[in-house]
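Have the model open while you read.

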Amino acid sequence: MEDFHFPSQIKLLNEDNLRLDGRRLDELRPIKLEVGVLARADGSAYIEQGKSKILAAVYGPRELHPRHLAQPDEALLQCIYRMATFSVEERKSPAPSRRETELSKVITEALAPAVFLKYYPRASIDVYIQVIQADGGTRCSSITAASLALADAGIPLRDLVSAVAAGKIDGKIALDLSDLEDKNGQADLPVAIMPRKGLTTLLQMDGMMTREEFIEAYELAVKGCQKIYEMQREILIQKYIDIQSEASEEADEQENGG
Ligand code: ADP
């Protein structure tokens with residue numbers, strides 16, 4: 001089989017196959033998740049994945065404007081992905097770029113299969129994604145956060161959607177590439193899955209891999225998605241434990257006060 005390994009500009013792996021940030025090849029970047037972070041949104045979530053920081057806000061189901069876009073048999077899911085001007089090293093123009101328009105579409109298509117859109121004919125479900133700091137893998141982190149925000153909004157879902165990319169750096173398959181690895185590596189393979197349903201809702205590829213490398217990268221990304229799914233579940237369960245304990249504290253206070 002032809003070897004697609006082109007040497008990187010910089011060395012991304014040391015002799016022990018450790019990456020520049022000290023990770024093993026199959027390791028995710030550190031992930032922090034939060035839900036219910038915005039008071040005015042119907043649902044919201046925040047994700048930090050390595051140095052990438054992203055907010056997702058969900059509004060709806062609500063009346064759709066302009067009305068002629070309404071679909072008679074289901075809701076219209078619209079995700080809008082935007083990068084803040086200060087999210088990258090050189091100031092990004094505030095005008096929506098082609099890349100942001102493409103990613104908005106890709107993210108919408110990755111999330112739509114998980115949402116019971118038929119429950120809300122003619123309505124709109126809007127997901128606003130704001131990248132505050134970008135360091136690679138933002139489409140996947142956006143999907144992970146947006147799916148949490150949809151759940152936080154109480155929108156009926158078939159499953160959560162969990163996403164992460166795998167790629168090829170210094171000729172080896174690696175999980176969750178940082179911006180530096182993405183730019184200096186040989187390939188990037190973003191994947192989103194509905195973990196309980198076993199469905200893949202996003203599969204893209206940038207760069208070149210052999211068939212065997214592609215399979216290895218896809219399987220590694222799916223394993224990464226499953227780990228992220230566990231974190232998503234935990235944060236949602238924690239939210240309801242917090243609500244429950246707040247409610248019982250309030251009830252106690254009322255009882256003691258009265
Ligand atoms: P993803 O963020 O999903 O990996 P890309 O592969 O298109 O999407 O982008 C990789 C990374 O390149 C981004 O995460 C970000 O760190 C960086 N990047 C994207 N757009 C810009 C830009 N306009 N200026 C500087 N860096 C950018």
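Let's start at one pairing: Met83 has Val131 of strand 5 as its bridge partner. Strand 4 and strand 5 run parallel and are joined by eight bridges. Before going further, note that this is a predicted model, where local features need pLDDT of at least 70 and side-chain atom pairs count only at pLDDT 80 or more, while totals for chains, interfaces and linings use all residues. Residues are numbered from 1 along each chain as its sequence is written, and side-chain values use heavy atoms, with hydrogens and water left out.

Helices (H or I, at least four residues) and strands (E, at least two) are DSSP runs numbered from the N terminus, and two strands pair if DSSP finds at least two bridges between them.

Zooming out, five strands make an open sheet with mixed pairing, in the order 1-2-3-5-4. Its edges are strand 1 (31–35) and strand 4 (76–83), each pairing on one side only. From one strand to the next, the twist averages 15°; axes here are lines fitted to C-alpha atoms, for helices over the stretch in contact, and angles run from 0 to 180 degrees between N-to-C directions.

Strand 3 (residues 52–63) and strand 5 (residues 123–133) run antiparallel, with nine bridges between them. Within that pairing, Val58 has Val127 of strand 5 as its bridge partner, and Glu63 stands opposite Ala123.

Helix 1 (residues 98–111) touches strand 4 and strand 5, its direction making about 140° with that of strand 4. Helix 4 (residues 211–257) touches strand 1 and strand 2 (43–49), and its direction makes about 35° with that of strand 1. Contact means heavy atoms within 4.5 Å.

**Rings**

How many aromatic pairs are there? The count comes to three, taking rings of Phe, Tyr and Trp (its six-membered ring) as paired if their centres lie within 6.5 Å, with planes under 30 degrees apart called stacked, over 60 edge-to-face and the rest tilted. Two of those pairs are set out here:

| Pair | Centre to centre | Angle between planes | Type |
|---|---|---|---|
| Tyr59 and Tyr128 | 5.7 Å | 70° | edge-to-face |
| Phe116 and Tyr119 | 5.0 Å | 15° | stacked |

Tyr59 sits in strand 3 and Tyr128 in strand 5, so their pair ties together parts that are 69 residues apart in sequence. Tyr59 is partly exposed, with a relative accessible area of 23%; Tyr128 is also partly exposed, at 35%. (Buried means under 20% relative accessible area, exposed over 50%, partly exposed in between, with a 1.4 Å probe and protein chains only.)

Phe116, Tyr119 and Tyr120 form one aromatic cluster. Arg158 lies over the face of Phe116, 4.3 Å from the ring centre; the rule asks for NZ of Lys or CZ of Arg within 6 Å of the ring centre and within 35 degrees of the ring normal.

**Cores**

A nonpolar core is a set of buried Ala, Val, Leu, Ile, Met, Phe, Trp, Tyr and Cys residues joined through side-chain atoms within 4.5 Å. The largest one has 44 residues, and those with the most contacts inside it are Leu77, Leu111, Ile125, Ile143 and Leu150. Helix 2 (residues 138–152) gives the most to this core, with eight residues. A second, separate core of 16 residues includes Leu28, Ala187, Ile193 and Ile228.

Not counting residues up to four places away in sequence, the residues that Ile143 touches include Ile107, Leu111, Ala192 and Leu202. The last two of these are bridge partners, with Leu202 in strand 9. Strand 8 (residues 187–194) and strand 9 (residues 199–203) pair antiparallel over four bridges. Their hairpin has four residues between the strands, and Gly198 there takes a positive phi near 70°.

Most residues other than glycine have a negative phi, and most peptide bonds are trans. Which peptide bonds are cis here? Gly60 to Pro61 is one, with omega near 0°, and Pro61 is in strand 3. His65 to Pro66 is another, with omega about -5°; Pro66 is in the loop between strand 3 and strand 4.

That loop also holds Pro72, which counts as exposed at 66% relative accessibility. Leaving aside neighbours within four places in sequence, Pro72 is in contact with Pro121 and Arg122.

Asp170 has a positive phi near 45°. Asp170 is in the loop between strand 6 (162–169) and strand 7 (172–175) and counts as buried, at 18% relative accessibility.
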